[in-house]
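Q: Please take a close look at one part of this protein and describe how that part is built and where it sits in the whole chain.

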Amino acid sequence: MKNKEWIIIGAGAAGLCAAINLARAGRQVTLLEQNSRVGKKILVSGNGKCNIDNRHIDPSRFHSQNPDFVRQVLKGYDFPVVERFFFSSGLPLVEGKEGKMFPMSLQASSVTELLEYEAKRAGVEIVCDCTVTSVDKEGDTFRLETTQGTKNAAQLILTSGSPAAPQLGGSNSGYAFATKLGHTLVPRHPALVQLCSEESWVKGCAGVKVAGIAKLYANGEYITEKKGDILFTNYGISGLAILDLSREVSIRLANFDYCELSLDLMPELSKEKLTNLLLDRVQKESEKPIGLWLHGILNKKLIAIIIEQSKSRVKLEKELNRKEINKLVHAIKNLKLSINDTRGFKGAEVATGGVNTAEIDPQTMASKITPGLYFAGEILDVDGDRGGFNFHWAWVTGMRVSR
Ligand SMILES: Cc1cc2nc3c(=O)[nH]c(=O)nc-3n(C[C@H](O)[C@H](O)[C@H](O)COP(=O)(O)OP(=O)(O)OC[C@H]3O[C@@H](n4cnc5c(N)ncnc54)[C@H](O)[C@@H]3O)c2cc1C
(Lines give C-alpha, C1' and ligand atoms only; values in the text may rest on other atoms or scores of the structure.)
Protein backbone atom coordinates (compact mmCIF):
# COMPACT_ATOMS: atom_id res chain seq x y z
CA MET A 1 0.00 0.00 0.00
CA LYS A 2 1.35 3.39 -1.05
CA ASN A 3 2.09 5.95 1.69
CA LYS A 4 0.04 9.06 1.20
CA GLU A 5 2.27 12.00 2.02
CA TRP A 6 -0.28 13.76 4.28
CA ILE A 7 -3.59 12.53 5.66
CA ILE A 8 -5.94 14.92 7.46
CA ILE A 9 -8.74 13.56 9.64
CA GLY A 10 -11.76 15.91 9.58
CA ALA A 11 -12.91 18.24 6.79
CA GLY A 12 -14.11 21.09 8.97
CA ALA A 13 -12.68 24.60 8.98
CA ALA A 14 -9.20 23.61 10.19
CA GLY A 15 -8.89 20.53 7.97
CA LEU A 16 -9.99 22.34 4.81
CA CYS A 17 -7.67 25.28 5.46
CA ALA A 18 -4.67 23.04 6.18
CA ALA A 19 -5.41 20.88 3.12
CA ILE A 20 -5.67 23.83 0.71
CA ASN A 21 -2.47 25.43 1.95
CA LEU A 22 -0.48 22.18 1.93
CA ALA A 23 -1.69 21.25 -1.54
CA ARG A 24 -0.92 24.75 -2.82
CA ALA A 25 2.62 24.19 -1.51
CA GLY A 26 2.85 21.05 -3.62
CA ARG A 27 2.13 18.38 -0.99
CA GLN A 28 0.09 15.28 -1.70
CA VAL A 29 -2.92 15.51 0.63
CA THR A 30 -5.88 13.27 1.44
CA LEU A 31 -8.72 14.68 3.55
CA LEU A 32 -10.95 12.12 5.30
CA GLU A 33 -14.42 13.12 6.50
CA GLN A 34 -17.01 10.94 8.24
CA ASN A 35 -19.96 13.09 7.08
CA SER A 36 -21.36 12.91 3.57
CA ARG A 37 -20.18 16.48 2.92
CA VAL A 38 -17.43 18.81 4.13
CA GLY A 39 -17.79 21.67 6.64
CA LYS A 40 -21.16 20.92 8.25
CA LYS A 41 -20.48 23.30 11.17
CA ILE A 42 -19.48 26.05 8.73
CA LEU A 43 -22.82 25.57 6.97
CA VAL A 44 -24.93 26.28 10.08
CA SER A 45 -22.70 28.95 11.58
CA GLY A 46 -23.81 32.53 12.08
CA ASN A 47 -27.43 31.47 11.44
CA GLY A 48 -26.49 30.36 7.94
CA LYS A 49 -24.48 33.52 7.21
CA CYS A 50 -21.18 32.17 8.60
CA ASN A 51 -19.50 34.51 11.04
CA ILE A 52 -16.18 33.53 9.50
CA ASP A 53 -13.81 35.61 11.64
CA ASN A 54 -13.48 38.78 13.71
CA ARG A 55 -11.54 41.89 12.77
CA HIS A 56 -10.42 42.46 16.39
CA ILE A 57 -8.26 39.43 17.10
CA ASP A 58 -6.67 39.54 20.53
CA PRO A 59 -5.35 36.69 22.72
CA SER A 60 -7.75 37.77 25.48
CA ARG A 61 -10.66 36.50 23.34
CA PHE A 62 -9.32 32.92 23.53
CA HIS A 63 -9.32 30.56 26.52
CA SER A 64 -6.84 27.82 27.36
CA GLN A 65 -4.81 26.47 30.26
CA ASN A 66 -1.81 27.69 28.28
CA PRO A 67 -2.39 31.34 27.25
CA ASP A 68 1.22 31.69 26.16
CA PHE A 69 0.67 29.04 23.46
CA VAL A 70 -2.33 31.03 22.18
CA ARG A 71 -0.25 34.24 22.08
CA GLN A 72 2.52 32.52 20.11
CA VAL A 73 0.12 30.94 17.59
CA LEU A 74 -1.68 34.25 16.99
CA LYS A 75 1.51 36.28 16.60
CA GLY A 76 1.57 37.34 12.94
CA TYR A 77 -1.67 35.43 12.31
CA ASP A 78 -4.31 38.04 12.88
CA PHE A 79 -7.36 38.87 10.80
CA PRO A 80 -5.66 40.22 7.60
CA VAL A 81 -3.90 36.85 7.13
CA VAL A 82 -7.27 35.10 7.10
CA GLU A 83 -8.80 37.80 4.90
CA ARG A 84 -6.03 37.25 2.32
CA PHE A 85 -6.60 33.48 2.40
CA PHE A 86 -10.31 33.91 1.68
CA PHE A 87 -9.75 36.53 -0.96
CA SER A 88 -7.36 34.12 -2.71
CA SER A 89 -10.13 31.50 -2.54
CA GLY A 90 -12.69 33.81 -4.16
CA LEU A 91 -14.40 34.97 -0.96
CA PRO A 92 -14.29 38.68 -0.14
CA LEU A 93 -15.48 39.46 3.40
CA VAL A 94 -17.76 42.14 4.85
CA GLU A 95 -17.93 43.48 8.39
CA GLY A 96 -20.97 43.29 10.68
CA LYS A 97 -21.40 44.51 14.26
CA GLU A 98 -18.54 44.27 16.81
CA GLY A 99 -15.94 43.39 14.16
CA LYS A 100 -17.75 40.21 13.09
CA MET A 101 -16.78 39.21 9.55
CA PHE A 102 -18.97 37.42 7.02
CA PRO A 103 -18.63 36.30 3.40
CA MET A 104 -19.91 39.06 1.12
CA SER A 105 -22.61 36.65 -0.09
CA LEU A 106 -23.86 36.30 3.53
CA GLN A 107 -24.27 32.62 2.69
CA ALA A 108 -22.38 29.94 4.62
CA SER A 109 -22.86 27.54 1.72
CA SER A 110 -20.68 29.78 -0.47
CA VAL A 111 -17.85 29.25 2.06
CA THR A 112 -18.02 25.45 2.04
CA GLU A 113 -18.53 25.25 -1.73
CA LEU A 114 -15.61 27.55 -2.55
CA LEU A 115 -13.29 25.89 -0.01
CA GLU A 116 -14.15 22.46 -1.38
CA TYR A 117 -13.58 23.70 -4.93
CA GLU A 118 -10.23 25.30 -3.95
CA ALA A 119 -9.10 22.12 -2.20
CA LYS A 120 -9.90 19.97 -5.22
CA ARG A 121 -8.36 22.51 -7.60
CA ALA A 122 -5.13 22.43 -5.55
CA GLY A 123 -5.13 18.63 -5.83
CA VAL A 124 -6.52 17.52 -2.45
CA GLU A 125 -8.23 14.14 -2.50
CA ILE A 126 -11.41 14.52 -0.43
CA VAL A 127 -12.96 11.30 0.83
CA CYS A 128 -16.40 11.76 2.46
CA ASP A 129 -18.42 9.06 4.29
CA CYS A 130 -15.07 7.84 5.61
CA THR A 131 -14.91 7.43 9.39
CA VAL A 132 -11.48 6.81 10.85
CA THR A 133 -11.87 4.16 13.53
CA SER A 134 -8.29 3.74 14.73
CA VAL A 135 -4.83 5.22 14.30
CA ASP A 136 -1.49 3.57 14.96
CA LYS A 137 2.11 4.43 14.22
CA GLU A 138 4.32 1.70 12.83
CA GLY A 139 7.89 2.95 12.27
CA ASP A 140 7.60 6.16 10.26
CA THR A 141 4.12 5.36 8.99
CA PHE A 142 0.71 6.20 10.43
CA ARG A 143 -1.72 3.34 9.81
CA LEU A 144 -5.38 4.33 9.79
CA GLU A 145 -8.33 1.93 9.87
CA THR A 146 -11.35 3.54 8.24
CA THR A 147 -14.79 2.56 7.03
CA GLN A 148 -13.23 2.68 3.55
CA GLY A 149 -10.28 0.43 4.33
CA THR A 150 -6.74 0.86 5.66
CA LYS A 151 -4.85 4.04 4.79
CA ASN A 152 -1.20 4.92 5.38
CA ALA A 153 0.43 8.31 5.77
CA ALA A 154 3.85 9.73 6.45
CA GLN A 155 2.30 12.79 8.10
CA LEU A 156 -1.00 12.96 9.95
CA ILE A 157 -3.03 16.01 10.95
CA LEU A 158 -5.80 15.66 13.52
CA THR A 159 -8.49 18.26 12.77
CA SER A 160 -11.38 16.15 14.02
CA GLY A 161 -12.75 18.89 16.29
CA SER A 162 -14.55 18.44 19.60
CA PRO A 163 -17.70 16.62 20.78
CA ALA A 164 -19.73 19.86 20.49
CA ALA A 165 -22.77 19.46 18.22
CA PRO A 166 -22.60 15.68 17.57
CA GLN A 167 -25.53 16.08 15.14
CA LEU A 168 -23.08 17.95 12.85
CA GLY A 169 -20.17 15.54 13.29
CA GLY A 170 -18.92 16.57 16.75
CA SER A 171 -16.95 13.63 18.07
CA ASN A 172 -14.52 12.48 20.74
CA SER A 173 -12.61 10.30 18.31
CA GLY A 174 -9.73 12.75 17.77
CA TYR A 175 -9.01 12.75 21.50
CA ALA A 176 -8.79 8.95 21.45
CA PHE A 177 -6.32 9.06 18.53
CA ALA A 178 -4.28 11.79 20.27
CA THR A 179 -4.00 9.85 23.54
CA LYS A 180 -3.12 6.66 21.66
CA LEU A 181 -0.26 8.61 20.09
CA GLY A 182 1.02 9.77 23.49
CA HIS A 183 -0.82 13.04 24.16
CA THR A 184 -2.69 14.13 27.27
CA LEU A 185 -6.00 15.95 27.49
CA VAL A 186 -7.30 18.95 29.42
CA PRO A 187 -10.88 18.22 30.69
CA ARG A 188 -13.58 19.07 28.13
CA HIS A 189 -16.82 20.88 28.93
CA PRO A 190 -19.61 22.32 26.76
CA ALA A 191 -19.28 26.06 26.05
CA LEU A 192 -21.39 28.64 24.21
CA VAL A 193 -24.30 26.57 25.45
CA GLN A 194 -27.77 27.15 26.95
CA LEU A 195 -28.24 26.66 30.70
CA CYS A 196 -30.80 24.53 32.57
CA SER A 197 -32.69 25.40 35.75
CA GLU A 198 -34.98 23.30 37.89
CA GLU A 199 -36.81 26.37 39.21
CA SER A 200 -40.43 25.88 38.27
CA TRP A 201 -41.21 29.54 37.49
CA VAL A 202 -38.88 29.57 34.47
CA LYS A 203 -41.19 27.40 32.34
CA GLY A 204 -43.98 29.91 32.92
CA CYS A 205 -41.76 32.67 31.50
CA ALA A 206 -40.73 30.66 28.41
CA GLY A 207 -40.44 32.89 25.36
CA VAL A 208 -39.79 36.11 27.29
CA LYS A 209 -36.68 37.94 26.05
CA VAL A 210 -35.08 40.95 27.73
CA ALA A 211 -31.94 42.97 27.03
CA GLY A 212 -30.27 42.59 30.39
CA ILE A 213 -27.16 41.77 32.37
CA ALA A 214 -26.53 38.27 33.73
CA LYS A 215 -24.16 37.99 36.69
CA LEU A 216 -22.72 34.64 37.67
CA TYR A 217 -22.21 33.66 41.33
CA ALA A 218 -20.54 30.38 42.26
CA ASN A 219 -20.95 29.26 45.88
CA GLY A 220 -22.14 32.81 46.60
CA GLU A 221 -19.02 34.44 45.16
CA TYR A 222 -19.32 36.89 42.23
CA ILE A 223 -17.48 35.50 39.19
CA THR A 224 -18.31 37.58 36.11
CA GLU A 225 -21.15 39.19 34.16
CA LYS A 226 -22.28 39.56 30.53
CA LYS A 227 -24.64 41.98 28.86
CA GLY A 228 -27.04 41.12 26.04
CA ASP A 229 -30.20 39.20 25.25
CA ILE A 230 -31.58 36.93 27.96
CA LEU A 231 -34.21 34.45 26.86
CA PHE A 232 -36.30 32.34 29.29
CA THR A 233 -37.10 28.87 27.97
CA ASN A 234 -38.85 25.62 28.96
CA TYR A 235 -35.58 24.15 30.20
CA GLY A 236 -33.96 27.26 31.69
CA ILE A 237 -32.28 30.18 30.03
CA SER A 238 -30.57 31.11 26.78
CA GLY A 239 -29.72 34.24 24.76
CA LEU A 240 -26.42 35.83 23.85
CA ALA A 241 -25.55 37.02 27.38
CA ILE A 242 -26.13 33.48 28.67
CA LEU A 243 -24.08 31.80 25.92
CA ASP A 244 -21.25 34.19 26.75
CA LEU A 245 -21.41 33.22 30.44
CA SER A 246 -21.84 29.51 29.82
CA ARG A 247 -18.16 28.59 29.63
CA GLU A 248 -17.62 29.69 33.26
CA VAL A 249 -20.84 28.01 34.40
CA SER A 250 -19.97 24.75 32.68
CA ILE A 251 -16.54 24.52 34.30
CA ARG A 252 -17.92 25.42 37.74
CA LEU A 253 -20.81 22.95 37.56
CA ALA A 254 -18.31 20.22 36.68
CA ASN A 255 -16.48 21.24 39.87
CA PHE A 256 -19.76 20.74 41.82
CA ASP A 257 -20.04 24.47 42.60
CA TYR A 258 -23.48 25.93 43.31
CA CYS A 259 -24.18 28.28 40.39
CA GLU A 260 -26.70 31.06 40.53
CA LEU A 261 -27.44 33.87 38.08
CA SER A 262 -28.53 37.29 39.18
CA LEU A 263 -30.36 39.01 36.33
CA ASP A 264 -30.70 42.74 35.89
CA LEU A 265 -33.82 43.01 33.75
CA MET A 266 -33.48 46.78 33.30
CA PRO A 267 -29.80 47.65 33.02
CA GLU A 268 -30.54 50.89 31.15
CA LEU A 269 -32.21 52.32 34.27
CA SER A 270 -30.09 52.86 37.37
CA LYS A 271 -31.53 51.78 40.72
CA GLU A 272 -32.29 55.44 41.50
CA LYS A 273 -33.97 56.13 38.16
CA LEU A 274 -36.08 52.99 38.36
CA THR A 275 -37.07 53.79 41.97
CA ASN A 276 -38.12 57.32 41.00
CA LEU A 277 -40.02 56.04 37.95
CA LEU A 278 -41.96 53.61 40.12
CA LEU A 279 -42.55 56.11 42.94
CA ASP A 280 -43.85 58.71 40.46
CA ARG A 281 -46.56 56.43 39.17
CA VAL A 282 -48.02 55.43 42.58
CA GLN A 283 -51.53 56.79 43.03
CA LYS A 284 -52.35 57.11 46.69
CA GLU A 285 -56.05 56.22 46.38
CA SER A 286 -55.69 53.37 43.86
CA GLU A 287 -57.11 49.95 44.69
CA LYS A 288 -55.21 48.42 41.73
CA PRO A 289 -53.49 45.09 42.60
CA ILE A 290 -49.70 45.56 42.40
CA GLY A 291 -49.45 42.82 39.72
CA LEU A 292 -51.62 44.93 37.46
CA TRP A 293 -49.81 48.10 38.52
CA LEU A 294 -46.54 46.58 37.26
CA HIS A 295 -48.09 45.91 33.82
CA GLY A 296 -46.55 48.21 31.28
CA ILE A 297 -43.24 48.20 33.14
CA LEU A 298 -42.40 44.51 33.00
CA ASN A 299 -43.37 41.60 30.78
CA LYS A 300 -46.57 40.11 32.27
CA LYS A 301 -45.02 36.67 32.65
CA LEU A 302 -42.24 38.04 34.89
CA ILE A 303 -44.41 40.06 37.27
CA ALA A 304 -45.50 37.24 39.62
CA ILE A 305 -41.93 36.07 40.08
CA ILE A 306 -40.67 39.62 40.72
CA ILE A 307 -43.32 40.11 43.41
CA GLU A 308 -42.47 36.73 44.92
CA GLN A 309 -38.70 37.36 44.95
CA SER A 310 -39.19 40.90 46.34
CA LYS A 311 -40.96 39.35 49.37
CA SER A 312 -43.32 42.32 49.28
CA ARG A 313 -46.52 41.73 51.27
CA VAL A 314 -48.26 44.69 49.70
CA LYS A 315 -51.36 43.79 47.69
CA LEU A 316 -52.66 47.15 46.40
CA GLU A 317 -51.06 50.14 44.66
CA LYS A 318 -52.14 52.55 47.43
CA GLU A 319 -50.11 50.53 50.00
CA LEU A 320 -46.82 51.01 48.11
CA ASN A 321 -44.27 53.10 49.96
CA ARG A 322 -40.56 53.76 49.45
CA LYS A 323 -39.54 50.61 51.35
CA GLU A 324 -41.82 48.37 49.26
CA ILE A 325 -40.67 50.00 46.02
CA ASN A 326 -37.05 49.43 47.03
CA LYS A 327 -37.81 45.70 47.41
CA LEU A 328 -39.37 45.57 43.93
CA VAL A 329 -36.48 47.48 42.36
CA HIS A 330 -34.02 45.11 44.00
CA ALA A 331 -35.87 42.09 42.57
CA ILE A 332 -36.07 43.62 39.06
CA LYS A 333 -32.34 44.32 39.09
CA ASN A 334 -31.33 41.10 40.87
CA LEU A 335 -33.69 38.34 39.75
CA LYS A 336 -32.17 35.10 41.05
CA LEU A 337 -32.06 31.88 39.06
CA SER A 338 -30.19 28.78 40.17
CA ILE A 339 -28.54 26.74 37.40
CA ASN A 340 -28.20 22.99 37.72
CA ASP A 341 -26.86 21.97 34.30
CA THR A 342 -26.02 22.99 30.75
CA ARG A 343 -27.70 21.64 27.61
CA GLY A 344 -24.55 19.54 27.13
CA PHE A 345 -22.45 19.03 24.04
CA LYS A 346 -25.60 18.60 21.94
CA GLY A 347 -26.50 22.25 22.55
CA ALA A 348 -22.95 23.59 22.62
CA GLU A 349 -21.18 25.48 19.82
CA VAL A 350 -17.73 24.57 21.14
CA ALA A 351 -15.91 22.61 23.85
CA THR A 352 -13.47 23.98 26.39
CA GLY A 353 -10.35 21.86 26.97
CA GLY A 354 -8.88 19.35 24.54
CA VAL A 355 -5.39 18.23 23.57
CA ASN A 356 -2.81 19.70 25.94
CA THR A 357 -1.05 22.49 24.06
CA ALA A 358 2.13 22.18 26.15
CA GLU A 359 2.82 19.14 23.97
CA ILE A 360 2.58 21.06 20.67
CA ASP A 361 4.93 23.43 18.85
CA PRO A 362 3.05 26.75 18.39
CA GLN A 363 5.00 27.60 15.22
CA THR A 364 4.10 24.48 13.23
CA MET A 365 1.41 22.76 15.36
CA ALA A 366 3.63 19.67 15.32
CA SER A 367 3.42 17.17 18.16
CA LYS A 368 6.44 17.35 20.46
CA ILE A 369 5.75 13.70 21.30
CA THR A 370 5.08 11.86 18.02
CA PRO A 371 7.08 12.92 14.94
CA GLY A 372 4.92 13.49 11.86
CA LEU A 373 1.78 14.23 13.88
CA TYR A 374 0.10 17.67 13.79
CA PHE A 375 -3.02 19.26 15.27
CA ALA A 376 -5.26 22.15 14.24
CA GLY A 377 -8.60 23.63 15.27
CA GLU A 378 -10.93 22.92 18.12
CA ILE A 379 -9.37 19.57 19.05
CA LEU A 380 -6.81 21.64 20.96
CA ASP A 381 -7.31 23.05 24.45
CA VAL A 382 -8.31 26.45 23.07
CA ASP A 383 -11.79 27.90 22.67
CA GLY A 384 -12.77 31.38 21.63
CA ASP A 385 -15.48 33.89 22.42
CA ARG A 386 -18.61 34.10 20.32
CA GLY A 387 -18.19 36.42 17.32
CA GLY A 388 -15.95 34.55 14.85
CA PHE A 389 -13.04 33.80 17.21
CA ASN A 390 -13.48 30.01 17.04
CA PHE A 391 -13.24 30.00 13.27
CA HIS A 392 -10.21 32.28 13.47
CA TRP A 393 -8.51 29.66 15.60
CA ALA A 394 -9.39 26.91 13.13
CA TRP A 395 -8.16 28.87 10.08
CA VAL A 396 -4.87 30.05 11.57
CA THR A 397 -3.89 26.74 13.16
CA GLY A 398 -4.67 25.11 9.79
CA MET A 399 -2.34 27.63 8.13
CA ARG A 400 0.41 27.11 10.72
CA VAL A 401 0.59 23.38 9.94
CA SER A 402 1.16 24.12 6.29
CA ARG A 403 3.89 26.75 6.74
C1 LIG B 1 -24.32 25.65 15.64
C2 LIG B 1 -22.90 26.21 15.62
C3 LIG B 1 -22.69 27.52 15.20
C4 LIG B 1 -21.39 28.04 15.21
N5 LIG B 1 -21.19 29.31 14.77
C6 LIG B 1 -19.95 29.83 14.75
C7 LIG B 1 -19.70 31.13 14.22
O8 LIG B 1 -20.62 31.79 13.72
N9 LIG B 1 -18.42 31.61 14.27
C10 LIG B 1 -17.39 30.88 14.80
O11 LIG B 1 -16.25 31.37 14.84
N12 LIG B 1 -17.59 29.63 15.27
C13 LIG B 1 -18.83 29.10 15.24
N14 LIG B 1 -19.03 27.82 15.69
C15 LIG B 1 -17.86 27.06 16.18
C16 LIG B 1 -17.07 26.51 14.96
O17 LIG B 1 -17.99 25.88 14.10
C18 LIG B 1 -16.00 25.53 15.39
O19 LIG B 1 -15.17 26.10 16.38
C20 LIG B 1 -15.15 25.12 14.19
O21 LIG B 1 -15.98 24.53 13.22
C22 LIG B 1 -14.06 24.15 14.59
O23 LIG B 1 -13.41 23.74 13.41
P24 LIG B 1 -12.60 22.36 13.37
O25 LIG B 1 -12.20 22.21 11.94
O26 LIG B 1 -11.58 22.33 14.41
O27 LIG B 1 -13.67 21.26 13.76
P28 LIG B 1 -15.05 20.84 12.99
O29 LIG B 1 -15.57 21.97 12.17
O30 LIG B 1 -15.90 20.27 14.06
O31 LIG B 1 -14.55 19.72 12.01
C32 LIG B 1 -14.17 18.45 12.44
C33 LIG B 1 -14.56 17.45 11.36
O34 LIG B 1 -13.98 16.18 11.68
C35 LIG B 1 -14.91 15.18 11.32
N36 LIG B 1 -14.54 13.98 12.10
C37 LIG B 1 -14.53 13.84 13.45
N38 LIG B 1 -14.12 12.60 13.78
C39 LIG B 1 -13.85 11.96 12.61
C40 LIG B 1 -13.39 10.64 12.30
N41 LIG B 1 -13.12 9.75 13.26
N42 LIG B 1 -13.25 10.30 11.00
C43 LIG B 1 -13.53 11.19 10.00
N44 LIG B 1 -13.96 12.44 10.24
C45 LIG B 1 -14.11 12.82 11.54
C46 LIG B 1 -16.25 15.78 11.71
O47 LIG B 1 -17.33 15.16 11.03
C48 LIG B 1 -16.06 17.24 11.29
O49 LIG B 1 -16.50 17.48 9.97
C50 LIG B 1 -20.30 27.26 15.67
C51 LIG B 1 -20.52 25.94 16.07
C52 LIG B 1 -21.80 25.40 16.04
C53 LIG B 1 -22.01 23.97 16.47
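Which strands make up the open sheet of 7 strands, in what order do they stand, and what surrounds this sheet in the rest of the chain?

A: The model is a predicted one, and the description below rests on it. The open sheet consists of 7 strands in the order E17-E16-E13-E14-E15-E12-E18, and its pairing is antiparallel. As a general point, strands of a sheet pair through backbone hydrogen bonds, in either a parallel or an antiparallel sense.

The partner of E18 is strand E12 (residues 195-196), and the two pair in the antiparallel sense over 2 bridges. In this pairing, Cys196 is opposite Asp341 of E18.

Further inside the order lie E13 and E14. Strand E13 (residues 209-218) and strand E14 (residues 221-232) run antiparallel and are joined by 10 bridges. Within this pair, Ile213 has Lys227 of E14 as its bridge partner. The hairpin of E13 and E14 has 2 residues between the strands, and Asn219 adopts a positive phi near 50 degrees there. E14 then continues through a hairpin of 3 residues to E15. Strand E15 (residues 236-238) is antiparallel to E14, with 2 bridges between them; Leu231 is placed opposite Ser238 of E15.

The largest nonpolar core has 69 residues, and Ile8 and Ala19 have the most contacts inside it. Helix H1 supplies the largest share of this core, 9 residues. A second, separate core of 46 residues includes Leu216, Ala241, Leu320 and Ile332. Leaving aside residues up to four places away in sequence, Ala19 touches Ile8, Val29, Leu31, Ala119 and Val124.

H1 itself is mostly covered, with 11 of its 12 residues buried; among them are Ala13, Leu16, Cys17, Ala19, Ile20 and Leu22. From its first C-alpha to its last, H1 reaches 17 Å, close to the 16 Å expected at 1.5 Å a residue. Just after H1, Gly26 has a positive phi of about 95 degrees.

The ligand is surrounded by 38 residues, of which Gly10, Gly12, Gly161, Gly169 and Gly377 are the closest. Helix H1 (13-24), helix H2 (40-44), helix H6 (173-180) and helix H14 (389-401) are the elements that give two or more residues to this shell. H14 gives the most, with 4 residues. Sorted by class, the shell holds 14 nonpolar, 19 polar and 5 charged residues.

As for the chain as a whole, the protein has 14 helices and 21 strands. Its C-alpha trace spans about 90 × 40 × 35 Å along the principal axes. Of its 403 residues, 47% count as buried. Among contacts between residues at least 6 apart in sequence, 73% join residues at least 24 apart.

Technical notes
Residues are numbered from 1 along each chain as its sequence is written. This is a predicted model: local features need pLDDT of at least 70, side-chain atom pairs count only at pLDDT 80 or more; totals for chains, interfaces and linings use all residues. A residue is near a molecule or strand if its C-beta atom, placed from the backbone, lies within 6 Å of it. Ala, Val, Leu, Ile, Met, Phe, Trp, Tyr, Cys and Pro count as nonpolar, Asp, Glu, Lys and Arg as charged, and the others, Gly among them, as polar. A residue is buried if 20 or more other C-beta atoms lie within 10 Å of its own, exposed if 12 or fewer, and partly exposed in between; C-beta atoms are placed from the backbone. Two residues are in contact if their C-beta atoms, placed from the backbone, lie within 7 Å. Two strands pair if DSSP finds at least two bridges between them. The expected span of a helix is 1.5 Å times one less than its number of residues. A nonpolar core is a set of buried Ala, Val, Leu, Ile, Met, Phe, Trp, Tyr and Cys residues joined through C-beta atoms within 7 Å.
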